[in-house]
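This report describes selected features of one protein model. Please consult the sequence and the structure shown here while reading.

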Amino acid sequence: MADAKETSAGANTHPVAPSHSDVADSMHVLEPRPEGWIYRGFKIGRTEYWYASPKVQLLMVALVCFMCPGMYNALGGLGGGGQVDPTVQDHASTALYSVFAVVAFFSGSFANKIGIRGTLTIGGLGYCIYAGSFLCFNHTANVGFVIFAGAFLGLCAGLLWTAQGAIMMSYPPEQSKGRYISWFWIIFNLGAVIGSLIPLGQNINNTGGTVTDGTYIGFIVLMAIGAILALSIVNGDKVIREDGSRIILMKNPTWQSEFKGLWECISLSPWVVALFPMFFASNIFYTYQQNGVNGALFNVRARSLNNLLYWLAQIFGAVIVGYSLDVATVRRSVRAKISFGVLFALTFIIWGGGYAFQRQQPSRAVTSDASYDAQKLDWTDSGFIGPMFLYIFYGLYDSVWQTCIYWYMGALSNSGRKTANLAGFYKGFQSAGAAIFWRLDGLHTEFNTLFAATWAVSAASLLIAAPVICYMIKDTTTLEADLKFSDETFEDVVAPSSLPAILNHEKTVEA
């Protein structure tokens, strides 16, 4: 997974501020790293790695997400958290995303103050408790504990996903962000894929409703391992890129400076609010897809298979889109416009197919009746293949949407501090949308209504975000622009061997 170092075809004769690409272009020698085991290199093939490098740290956070939210996705993908009646999961999800929305909005400040490792470690705690609450519910029918576990997970997930977003958007070199996002998405969704194999194996002969205790126990163990693994992450101030540059952060963060930074993230770039509807729409798909399609229309083993294929499709989509977004022969601003066009087209192609399918389905009252269980689709039924492929394309669509959003945010800034706040806004609005749609499901809103609302919000959010994506994403981001959101200087973040060229470039600009 070595990064290709793209160099400019010729010297730039215009007096512009130095960019992150200039740092890479001025790097001609291997930059010596500090002492310590986290900087000690090791080779895999011809590529050298070290623990405190962006690639290894991305791998570590991806493994944490593999174990925690990856397994959570596998559990949720069963429909109703593996229960016959999805009502208890709807209540838990409403509590989860309501808390998540509030916490995530401020969690960028939290991550910038206490560091990435502490934020991730706290964030990993809630997942195994959430899975354990469903195991408890199987034996005690304790709805209160499931709702509490959902709310506690909302607090933890808000922190975890903000830290993850900051790593994925600010650690990679500017020209490699799409690939880093796709690598993360591959590993993260492998968690959901492998997690999906657990219920598939446990329930392969189970055509009934509720999954077995062994399924929940498997999830609990894997999620607990993920929470412990978060302790192995290093903070951003220790990370050194291949060109010797460092992550842009605050040298002396305080609670006051970080809450001020939260406001500055919007006040200095007010147009970023046009992305908020797209953030809001980014998780509302799951309610209809998981409960309105997979949970309502398929028996438990068919749901398990669909769940597996859904997350496999996410991996496939992330690879294609992530690598396409890094094509060096096309300018970044042009790539942004092309990706937007593809995403807009997919919104009408895939959801248009979903409309043709949904209009033929029975009402919620019919599918919720216990007598309908015998009519739910099994993988041996002749009518299974078409809906299965629709569900696969829903998974593909989700990965395209998420990969594009992360890339758009990463294209707007390379600052670890600013991207942490952007990630917080993203997860906050994302969770608010999810909370509303899970609440609608909990109120037994008709699946036709959930489908229409999901499609409409997704399409409208793209239209609102279009000006930002098409006009605010530039071909590169200057170091000067990123440093404005920090108390650091060129000397703090640029590799020593590159510093003379960068400072000389800066003098040219001033002249």
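## Gly244 and its loop

Gly244 is located in the loop that connects α9 (213-229) to α10 (255-267). The model is predicted. Within it, Gly244 has a relative accessible area of 9%, and because the limit for a buried residue is under 20%, Gly244 is classed as buried.

Gly244 can also be placed relative to Val493. In sequence, 249 residues separate Gly244 and Val493, while in space their C-alpha atoms are 8.6 Å apart.

## Overall architecture

The protein chain contains 21 helices and two strands. Of its 511 residues, 59% are buried.

## The pairing of α6 and α7

Helix α6 spans residues 126-140 and helix α7 spans residues 143-170. Their axes come within 8 Å and cross at roughly 165°. Angles over 145 degrees count as roughly antiparallel, and α6 and α7 are therefore roughly antiparallel to each other. The crossing of these two helices, α6 and α7, is left-handed.

On the α6 side, the contact is formed by Gly126, Tyr127, Ile129, Tyr130, Gly132, Ser133, Phe134, Cys136 and Phe137. These meet residues of α7 including Val143, Phe145, Val146, Phe152, Leu153, Leu160 and Trp161. By class, the residues of the contact of α6 with α7 comprise 16 nonpolar, four polar and no charged.

## Cysteines

How many disulfides does the structure hold? The number is zero. For Cys68, the closest cysteine sulfur belongs to Cys128, at 7.5 Å. A disulfide requires sulfur atoms within 2.5 Å, so the sulfur of Cys128 is too far from that of Cys68 for a bond.

Cys68 has 0% relative accessibility and counts as buried. Cys470, at 18% relative accessibility, also counts as buried.

## Ser458 in helix α18

Ser458 belongs to helix α18, which covers residues 447-472. Is Ser458 buried or exposed? Ser458 counts as buried, because its relative accessibility is 0%.

Leaving aside residues up to four places away in sequence, Ser458 touches Ala281, Ile284, Phe285, Thr347, Tyr397 and Trp401.

Technical notes:
Residues are numbered from 1 along each chain as its sequence is written. This is a predicted model: local features need pLDDT of at least 70, side-chain atom pairs count only at pLDDT 80 or more; totals for chains, interfaces and linings use all residues. Side-chain values use heavy atoms; hydrogens and water are left out. Axes are lines fitted to C-alpha atoms, for helices over the stretch in contact, and angles run from 0 to 180 degrees between N-to-C directions. Helices (H or I, at least four residues) and strands (E, at least two) are DSSP runs, numbered from the N terminus. Angles under 35 degrees count as roughly parallel, over 145 as roughly antiparallel, 65 to 115 as roughly perpendicular and the rest as oblique. A crossing is left-handed if the near helix is turned anticlockwise from the far one by less than a right angle, and right-handed if clockwise. Contact means heavy atoms within 4.5 Å. Ala, Val, Leu, Ile, Met, Phe, Trp, Tyr, Cys and Pro count as nonpolar, Asp, Glu, Lys and Arg as charged, and the others, Gly among them, as polar. Buried means under 20% relative accessible area, exposed over 50%, partly exposed in between (1.4 Å probe, protein chains only).
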